[in-house]
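Keep the structure in view while reading.

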Amino acid sequence: MSHHHPFPWPDHLYLVDHPDRQHAAYVRNGLSPSRETMGSKAHNLLRMAEAGLPVPPALVLGTHYAHHRKQCIHPLFDTGIPALEQSSGYGFGDIRKPLVVSVRSGAPISMPGMMETLLNIGLCDATLPGLLRQTGNPRLVWDAYRRLVASYGEVVEGLPASLFENALQDLTQGRDERLLDFSELRQLTQTYLALYAEHAGHPFPQDVRQQLARAVLAVFASWDSAKAREYRKLNGIDSAMGTAVTIQRMVFGNAGGRSGAGVGFTRNPSNGEPTLWIDFLANAQGEDVVSGRRNAHGHEALADLAPDAWNELSEATRTLERLFGDMQDFEFTVEDSELFLLQARSGKRTPLAAARIALDLHEEGLIDRTTALQRTDTLAEDDLCTAHLASDCGAPASPVAQAASACSGVSSGEIALDAERAAKRAAKGHPVILVRNDAETNDIGALEQSVGLLTRNGARTSHAAVVARQLGKVCLVGCETLRIDIGDRSIQLGELALREGDTITLDGNAGLVYPGLIATVREPDEAVIARLEQLRRTKA
C-alpha cells in the first residue's frame with residue numbers, strides 16, 4: 001500500500017488488511033484502533049488479520065460517525081474507497097473488475113442480529129458483466145444481484161420483505177431456491193427491480209456510489225431501530241457508544257460447487273463440550289444461515305464438500321481461541337474451496353456451558369485462574385442443572401415432531417403465535433411458548449417473556465436462536481413438519497392439529513416436541529459442579 005495518499009488519512013477511518021500486504025491496520029493522524037473507536041467486530045478482524053488468518057480486506061468507519069452520520073461520506077469516498085481498491089486490486093464501479101462489498105454494523109459490545117447488514121453492494125447493470133467475466137458463473141452473478149435488490153429495498157427503502165419473498169415463492173413453487181438456474185434468477189432479478197421501482201417510487205440506484213452512501217447511512221441508522229433499543233434496554237447497554245460500519249470485500253459462498261457459508265462456535269454453546277458446533281449451507285450466503293429463514297446442515301456437509309477448507313477451519317478455530325482466550329462465535333465463507341473468516345466474537349452460551357468452558361480453558365492453559373473465577377463467579381449450583389423429562393411418572397406421551405435443538409432443557413407452555421399474544425398471556429402469569437415460521441430477532445421482546453421458542457425455519461446459529469440461548473430459553477428450530485395457520489390461530493405438528501392457547505412441551509435435550517404438559521426433573525451436572533468447587537477452593 002502506498003504511503004503517498006493525496007488526502008490526510010482521517011481520524012475515524014481504518015483499513016484492515018494482512019501484514020504481508022503492508023500494514024494490518026492503516027491508521028493515520030493519531031486515533032489508534034480500539035474496541036471503542038472501531039467497534040468490537042472490526043477490532044477482532046484487525047487482530048485476526050494480524051495473526052495471519054484469512055480475512056478479506058475491509059474498511060472501517062469508526063463509532064464516532066454513529067452520531068455524525070453525514071460526516072462520513074466525504075472521507076469514505078475521498079480516502080477510504082481508494083485505499084480499499086488498492087488493497088483488494090478491484091475497482092468500485094469498475095466495469096471490468098468491479099469491487100463488490102458487504103456493509104455491516106459493529107458496536108463495541110456485541111448485539112447479535114439487532115442491526116442491519118447489506119451484501120453485494122456495488123452490483124448494478126453496468127458492473128454485472130464484469131463480475132460475470134471474473135467468476136465465469138452466471139448463476140452466482142444473478143443470485144447476488146437479486147439478493148442486493150431485495151435486501152436494499154428492505155433495509156434502505158423500508159419495503160416489506162414479503163414483497164420479494166412472495167415473488168420468490170411464486171417462482172420456486174416449493175422447490176429449494178438454490179436449485180434455480182441462472183435464467184430463472186435473471187428473471188427473478190427483473191421482477192425484483194420492477195417491484196422495487198413500483199413500491200419505492202423510483203428505480204433501484206444504478207450509481208454504485210449512491211448505493212454505498214445510502215447503505216452506510218442505513219446501517220448507522222439501524223443503531224436506533226426499535227429492536228436495537230429494546231436489546232440495549234434488556235442488557236443495560238449505553239446508547240452513547242454508537243456503532244461502527246465495516247465495508248468489506250465480498251467473498252461468495254454462492255459460487256456453486258465447492259462453496260458455501262457457515263456460522264459456528266468453537267465449542268458447544270449449549271453444554272460447553274469442546275467440539276466444533278457448526279451450521280453450514282452449501283452454495284449460499286451468510287445471511288441465509290443467520291437470518292432464521294433457512295434451515296442448515298452440520299459440519300459433515302462442509303467436510304464432504306471441501307475437505308481442505310474444513311481442515312483449515314478446524315486449525316483456524318484453535319488460533320481464534322488462543323488469540324481471544326474464549327469460546328468464539330464465528331462466521332465464515334468458502335468460495336471455491338478457499339476459506340475466509342468474516343468475523344469472530346465471544347459466543348453467547350448457557351450458564352452450564354459458561355462453567356464448563358471456563359474450566360476447560362483454564363485447564364488447557366488458555367486463561368488464568370483469576371479469569372476462570374471471574375467468568376464463573378455469579379454461577380450458583382442451580383444454574384448448573386438441566387431440566388429433563390421425568391421418567392418415573394409413566395412413559396411420556398409420544399413426541400409429535402422433531403427439530404434442531406439450539407438450547408437444551410425442557411419447557412412447557414401454551415402456544416402463542418405472535419408477540420402481542422405472548423406479552424398478554426405472560427403478563428397474566430401463564431408460561432408461553434412462542435411458535436413462529438422464522439426465528440427472527442424482531443421477536444426479542446416476546447422471547448424475553450416466553451419460556452421457549454419453536455420455529456419451522458432457521459438454524460441453531462441464527463441470530464434469534466443465539467439470543468434465546470443467551471436468555472436461557474429452550475429453543476427448537478427447523479421443525480419441518482410444523483404448519484402455522486395465522487388466520488385460524490392454529491398449528492399442525494405432523495398429523496396433530498392444535499390451537500393457540502393449547503399446551504406443548506419442548507424437549508431441547510433430544511430436539512422433540514410433545515403435546516400437553518410433561519413433568520420434568522432438574523438434574524445437576526455433578527462433574528462440572530465438583531470441578532468448579534475445586535477451582536474456587538484452590539489457592540492461587
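This is a predicted model: local features need pLDDT of at least 70, side-chain atom pairs count only at pLDDT 80 or more; totals for chains, interfaces and linings use all residues.

## Helix α12

The expected span of a helix is 1.5 Å times one less than its number of residues. Helix α12 covers residues 351–363, which makes 13 residues. From its first C-alpha to its last, α12 reaches 19 Å, close to the expected 18 Å.

Which residues of α12 are buried? They are L352, A353, A354, A355, I357, A358, L359, D360 and L361. After α12 comes G365, which has a positive phi near 80 degrees.

## Helix α17

The buried residues in α17 are V528, I529, L532 and L535. Seen down the axis of α17, these residues fall within an arc of 125 degrees, so they line one face of the helix. On the other side of α17, E526 and R537 are exposed. The buried residues of α17 pack against α12, α13 and β22 (520–524).

## Helices α4 and α5

How do two packed helices run relative to each other? Helix α4 (residues 138–155) and helix α5 (residues 161–172) pack at an angle of about 150 degrees, and their axes are 8 Å apart. An angle over 145 degrees counts as roughly antiparallel, so α4 is roughly antiparallel to α5.

In this contact, α4 contributes R146, V149, A150, G153 and E154, while α5 contributes A161, F164 and L168. Sorted by class, the contact has five nonpolar residues, one polar residue and two charged residues.

## Residue V263

V263 lies in strand β6, which spans residues 260–265. Is V263 buried or exposed? Its relative accessible area is 2%. Buried means under 20%, so V263 is buried.

Leaving aside residues up to four places away in sequence, V263 touches W277, I278, D279, V289, V290, D329, F330, E331, F332 and T461. One of these, V289, is 26 residues from V263 along the chain. The C-alpha atoms of V263 and V289 are separated by 7.1 Å.

Definitions and conventions:
Residues are numbered from 1 along each chain as its sequence is written. Side-chain values use heavy atoms; hydrogens and water are left out. Helices (H or I, at least four residues) and strands (E, at least two) are DSSP runs, numbered from the N terminus. Buried means under 20% relative accessible area, exposed over 50%, partly exposed in between (1.4 Å probe, protein chains only). The arc is that of the directions from the helix axis to the C-beta atoms. Contact means heavy atoms within 4.5 Å. Axes are lines fitted to C-alpha atoms, for helices over the stretch in contact, and angles run from 0 to 180 degrees between N-to-C directions. Angles under 35 degrees count as roughly parallel, over 145 as roughly antiparallel, 65 to 115 as roughly perpendicular and the rest as oblique. Ala, Val, Leu, Ile, Met, Phe, Trp, Tyr, Cys and Pro count as nonpolar, Asp, Glu, Lys and Arg as charged, and the others, Gly among them, as polar.
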